[in-house]
Amino acid sequence: GCMSETKLGIAAGAAVVAARADQMGVVDLDAFLNFADTGAGVTGGLTVEGDVIRLSDKPGLGFDEFEM
């Protein structure tokens with residue numbers, strides 16, 4: 001399993017997986033879904049469609065805003 005990471009942390013991990021998909025097996029990147037607020041202060045970034053995580057096509061990790 002993966003540790004309790006926010007949507008931002010999972011997006012970074014998903015970007016690594018996407019870059020090295022030929023080197024990866026099964027990857028557990030759903031920990032942020034355990035939070036009551038899955039956005040956790042960020043807008044944009046990855047989206048979840050069923051059991052598939054989709055990365056944004058925006059620059060970087062694809063996030064629009066961060067709230068502290």
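User: Does E49 count as buried, exposed or partly exposed, and at what relative accessible area?

Analyst: This is a predicted model, in which local features need pLDDT of at least 70, side-chain atom pairs count only at pLDDT 80 or more, and totals for chains, interfaces and linings use all residues. Residues are numbered from 1 along each chain as its sequence is written, and side-chain values use heavy atoms, with hydrogens and water left out. Buried means under 20% relative accessible area, exposed over 50%, and partly exposed in between (1.4 Å probe, protein chains only). E49 is therefore partly exposed, its relative accessible area being 42%.

User: Which residue forms a salt bridge with E49?

Analyst: A salt bridge is a side-chain nitrogen of Lys or Arg within 4 Å of a carboxyl oxygen of Asp or Glu. Side chains of opposite charge can pair when their charged atoms come close. For E49, the closest N and O atoms of the bridge are 2.7 Å apart, and the partner is R54.

User: Where does R54 lie, and which residues does R54 touch?

Analyst: R54 is part of strand 3 (residues 52-54); strands (E, at least two residues) and helices (H or I, at least four) are DSSP runs, numbered from the N terminus. R54 is partly exposed because its relative accessibility is 42%. With contact meaning heavy atoms within 4.5 Å, and leaving aside residues up to four places away in sequence, R54 touches L46, T47 and E49.

User: How many salt bridges does the structure hold, and which side chains meet at 2.6 Å?

Analyst: The structure holds two salt bridges. K58 counts as partly exposed because its relative accessibility is 38%, and D64 is partly exposed at 46%. The side chains that meet at 2.6 Å, N to O, are those of K58 and D64.

User: Which residues make up the largest nonpolar core, and which element gives the most to this core?

Analyst: A nonpolar core is a set of buried Ala, Val, Leu, Ile, Met, Phe, Trp, Tyr and Cys residues joined through side-chain atoms within 4.5 Å. In soluble globular proteins, nonpolar side chains tend to be buried together. The largest core here has nine residues: I10, A11, A14, V17, L29, F32, V42, L46 and F63. The element that gives the most to this core, with four residues, is helix 1 (residues 7-19).

User: In what order do the elements of the chain run?

Analyst: The chain has one helix and four strands. From the N terminus on, the order is α-β-β-β-β.
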